[in-house]
Amino acid sequence: MMKKMGIGTNTYDPDKGEIKGLQEAVACGVWFTAKGRVLPKALKFKDLEGVYHTLNHIHILSQKETIYCGIPAITYECDTIYHGICIPFTLLFYKEQNIWKILWKNP
């Protein structure tokens with residue numbers, strides 16, 4: 001949780017509530033920096049036909065710690081180039097469950 005300045009009341013960022021959109025499970029290859037920061041480097045996901053795809057060269061646009069319905073997560077706003085198309089997406093890392101989810105955005 002991120003602390004805010006104040007007199008002791010409402011000193012933490014509020015819960016963001018429910019996530020809008022369909023979350024899909026993904027496998028994520030990550031790099032841990034010397035200071036413990038987690039950086040996603042590659043994803044593997046299954047499409048609607050059941051075919052597995054790998055996305056490499058993930059470009060992280062922003063990263064922040066958030067809380068969704070009381071569950072702490074790290075939210076990564078990202079994009080990648082896949083078959084010549086820029087694909088924007090949001091990656092969510094749920095710290096307590098150690099799982100990754102993806103939310104696809106419209107390009």
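**Strands, turns and a pocket in a predicted model**

Q: In this predicted model, what share of the contacts between residues at least 6 apart in sequence join residues at least 24 apart?
A: The contacts counted here are those in the chain between residues at least 6 apart in sequence. Among these, the part that joins residues at least 24 apart is 32%.

Q: How many helices and strands does the chain have?
A: From the N terminus on, the elements run β-β-β-β-β-β-β. The totals are 0 helices and 7 strands.

Q: Over how many bridges do E4 and E5 pair, and in which sense?
A: Strand E4 covers residues 59-68 and strand E5 covers residues 71-82. Within this pair, Gln63 stands opposite Tyr76 in E5. E4 and E5 pair over 9 bridges, and the sense is antiparallel.

Q: Which residue in the turn between E4 and E5 has a positive phi?
A: E4 and E5 form a hairpin with 2 residues between them.

Q: Over how many bridges does E5 pair with E6?
A: Strand E6 covers residues 85-94 and pairs with E5 in the antiparallel sense. Tyr82 stands opposite Ile85 in E6. The pairing of E5 and E6 runs over 10 bridges.

Q: Which residue in the turn of the E5 and E6 hairpin has a positive phi?
A: The hairpin of E5 and E6 has 2 residues between the strands.

Q: Is His57 buried or exposed?
A: His57 lies in the loop between strand E3 (52-56) and E4. Its phi is positive, about 60°, although His57 is not a glycine. The relative accessibility of His57 is 73%, and a residue counts as exposed over 50%. Therefore His57 is exposed.

Q: How do the residues that line the largest pocket divide into nonpolar, polar and charged?
A: The largest pocket has a volume of about 160 Å³. Its lining consists of Glu24, Phe45, Lys46, Asp47, Leu48, His53 and Trp104. The division is 3 nonpolar, 1 polar and 3 charged.

How values were computed: Residues numbered from 1 in each chain as written. Predicted model: local features only at pLDDT ≥ 70, side-chain atom pairs only at ≥ 80, totals over all residues. Heavy atoms only, no water. 1 Å grid on protein atoms, 1.4 Å probe; cavity = no way out; pocket = protein on both sides within 12 Å on 5 of 7 lines; lining within 4 Å. Points joined across faces, edges and corners; volume = space filled by probe spheres on them. Nonpolar A, V, L, I, M, F, W, Y, C, P; charged D, E, K, R; others polar. Pairing = 2+ DSSP bridges. Helix = DSSP H or I, 4+ residues; strand = E, 2+ residues; numbered from the N terminus. Contact = heavy atoms within 4.5 Å. Buried < 20%, exposed > 50% of the residue type's maximum accessible area, 1.4 Å probe, protein only.
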